[in-house]
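Student: I just opened this one and I'm new to it. Can you walk me through it?

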Amino acid sequence: TEGLSRYPESIVSGMASFGAGSPYSQAAIVALQSALESDPHFTGVVVAPLWEERVGDVVPVGVTLTEQKRQKLDIGLNYSTGDGFGTRLGYEHYNLFKRGYTGSVAYDWKASRQQLDFGLGFGQGGDGYSHSVNLQQRHVEENLTITDAVEAGVFRIRQRGNIEARYGLEYLVEREQVQAAQTRNNRALILSFGWTKRAMDSLLRPTSGYLFEMNV
């Protein structure tokens, strides 16, 4: 592995479906390349057999990486005709606990809506699965209704080529106050499924292609 300095090597080795000294296939190399390209830790990836280092029937696999910076801060202004001006402040860290976990916090503010999000992501394993935990708190004032909600969820994500399947279990606690008089308290346990196909010429810098997404 070349170009790895900020993050543990376990991020790369954990995504491979083959280990040191074991057989591998072209499909396994392509799958590792695709997984690393979609991983937030890296902005550039090359995975290829090192034929010049072949010894007998043993051909090592070389991985050359360009790393993402360890931390990122986002500050933004936005405008919509319905809600007017708004601001966004976000922070991401790509090596929590020095284990390559990704963490994020984001706060969105508009006059009628405020939302705070926390996220924790765990790296993809050789089986193609990764996991994440999300927590969201929001306050919305709309159509004489004030809504305060807290939502927590755990997700299992399966990446195979350009197709991503996402399974989630979420719990929602919501308080609605209608016309400053009637109050409703809602609770829900939600099972969710998402399916996304990204048919693009490049995941990192796409110039053509399409994206199809379905959620239930």
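Student: Okay, how many bridges join β9 to β10?

Tutor: 16 bridges join them, and the two strands run antiparallel. Before we go on, this is a predicted model, where local features need pLDDT of at least 70 and side-chain atom pairs count only at pLDDT 80 or more, while totals for chains, interfaces and linings use all residues. Residues are numbered from 1 along each chain as its sequence is written, and side-chain values use heavy atoms, with hydrogens and water left out.

Student: Which residue in β10 does Val-173 stand opposite?

Tutor: That's Arg-187. The names come from DSSP runs numbered from the N terminus: helices are H or I with at least four residues, strands are E with at least two. Two strands pair if DSSP finds at least two bridges between them.

Student: How many residues are there between β9 and β10 in the hairpin?

Tutor: Three, and Gln-179 in that turn has a positive phi of about 50 degrees.

Student: What's the strand order in the open sheet?

Tutor: There are nine strands, in the order β3-β4-β5-β6-β7-β8-β9-β10-β11, with antiparallel pairing. β3 (71–80) and β11 (209–215) are the edge strands, so to speak the ones with pairing on one side only.

Student: Which strand does β3 pair with, and through how many bridges?

Tutor: β3 is joined to β4 (residues 84–96) by ten bridges, and the two run antiparallel. Gly-76 stands opposite Arg-88 in β4.

Student: Which salt bridge does Arg-88 form?

Tutor: Arg-88 forms one with Asp-108, and the closest N and O atoms are 2.6 Å apart. Arg-88 lies in β4 and Asp-108 in β5 (residues 101–110), so the pair ties together parts that are 20 residues apart in sequence. The term means a side-chain nitrogen of Lys or Arg within 4 Å of a carboxyl oxygen of Asp or Glu.

Student: How many salt bridges does the structure hold?

Tutor: Six. One of them joins the side chains of Glu-92 and Lys-72, at 3.7 Å from N to O. That pair links strand β4, with Glu-92, to strand β3, with Lys-72, and the two are 20 residues apart.

Student: Which residue forms a salt bridge with Glu-67?

Tutor: Arg-6 does, with the closest N and O atoms 3.7 Å apart. Glu-67 is in strand β2 and Arg-6 in the segment before α1, 61 residues apart. Glu-67 counts as buried because its relative accessibility is 12%, whereas Arg-6 counts as partly exposed at 31%.

Student: New topic. Which residues in the largest nonpolar core touch the most other members?

Tutor: Leu-32, Leu-36, Phe-42, Val-47 and Leu-65, out of 17 residues in that core. A nonpolar core is a set of buried Ala, Val, Leu, Ile, Met, Phe, Trp, Tyr and Cys residues joined through side-chain atoms within 4.5 Å. α1 (10–15), α2 (26–38), β1 (42–49) and β2 (61–67) each supply at least two residues, and the largest share, five residues, comes from α2.

Student: What makes up the nonpolar surface patch?

Tutor: Residues including Phe-118, Leu-135, Tyr-171 and Val-173 make the patch, which covers about 890 Å². Such patches take residues with over 30% relative accessible area and no salt bridge, joining nonpolar side chains (Val, Leu, Ile, Met, Phe, Trp, Tyr) within 5 Å and like charges within 9 Å. The areas come from the Shrake-Rupley method with a 1.4 Å probe, and for residues only the protein chains shown count as cover.

Student: Which strand gives the largest share of the nonpolar patch?

Tutor: β9, with three residues. Tyr-171 is found in β9, and Tyr-171 is partly exposed, with a relative accessible area of 40%.

How values were computed
Buried < 20%, exposed > 50% of the residue type's maximum accessible area, 1.4 Å probe, protein only.
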